[in-house]
Amino acid sequence: RMVRKAGWVVGLMMIAGSVAAFPQSDEPKPVIVGHTVERYQVGERLATSDFSDPSEWVVQMEEKPSEHHPEIRFSRGAMDVWMPDRGVTIWYENHLQGPIAIVYRVTAPSTRLLDDFETIMPRDINVFWNAFDPGPDGTQHLPPFDSTRFTGAFPSYNKQHGYYASTGGGYNRTTRFRRYPRSVDGQPAAHIALNERDGDAEYMITPDVTYTVQVVAARDIVQYIVDGRVVYEMQYGDEVAVEQPGRSSGQTIYTATNYPPYPGGWFGFRLLKSHHRFTHFSVYRLEPVDA
């Protein structure tokens, strides 16, 4: 089987899937918590994927000579991604416009042997949402699929706009939220970077445990939620941490003047040297609660 890679068709080591279709009753629904309480309610489901159609997903995989072959298994019910020694971003092909909540489930299976001496350990789970390519002139709203600009290597995404969050696990203990861009015109740029959960065992993943992840983009409200608990969120008026060039940090107030909302963009799973299994991907409209 073949899968699209950043607008091109490339071969990966694909394994025929045997995962049964997930029961409708098992589908996770968005939760209204934190800043969305009394402001939004869950509306209609706008989109869903059971991962049976690879053409719904655009793969950007880092080029790296290696004896280890990456695998992406699409089957009805799950997408299994085995990426032993490189980075990959897997974009949902459709543009998504807020206010929305995106929900999915993810599992990091136990250690898988690479060879007699090396293993790949379960580690962090990561996600981009409301992401877009501003183009070379910084004024456009393009899908982040251009393989000349975004390569699967993590630093190549620093120039995109959007939101990013991660939950630590294994040897990567960082649990973070960032508002992109992290660079402008090739130079590091100040950006919102929340990291107070770093190293906190309560917020780390455990191998073989399935987590329900929810990300929200609802005008000024942005949330990263795992198993119904807010990990990071912000709304206008909140004091937030800002990472300055050179990795110094400071505080500022999150306002529309300093940080205009990103009303729409693209969603992407992000992995590096990881093995993840994704299920139950859905997008829901969030409806404002009448005053």
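The entries below begin with the basis of the model.

I worked from a predicted model, in which local features need pLDDT of at least 70, side-chain atom pairs count only at pLDDT 80 or more, and totals for chains, interfaces and linings use all residues. Residues are numbered from 1 along each chain as its sequence is written, and side-chain values use heavy atoms, with hydrogens and water left out.

Fold. I found zero helices and 22 strands in the chain; helices (H or I, at least four residues) and strands (E, at least two) are DSSP runs, numbered from the N terminus. Of the 291 residues, 53% count as buried, meaning under 20% relative accessible area with a 1.4 Å probe, protein chains only.

Strand β6. I noted that 15 of the 15 residues of β6 (residues 78-92) are buried, so this strand is largely enclosed by the rest of the structure. Strand β5 (residues 71-75) pairs with β6 in the antiparallel sense over five bridges; pairing requires at least two DSSP bridges. Phe74 stands opposite Met79 in β6. Strand β22 (residues 264-288) is joined to β6, also antiparallel, by 10 bridges, and Arg270 in β22 is the bridge partner of Thr89.

Core. I looked up the largest nonpolar core, which has 62 residues; Phe177 is among the members that touch the most others. Such a core is a set of buried Ala, Val, Leu, Ile, Met, Phe, Trp, Tyr and Cys residues joined through side-chain atoms within 4.5 Å. Another core, of six residues, lies apart from it and includes Tyr40 and Leu286.

Notes:
Buried < 20%, exposed > 50% of the residue type's maximum accessible area, 1.4 Å probe, protein only.
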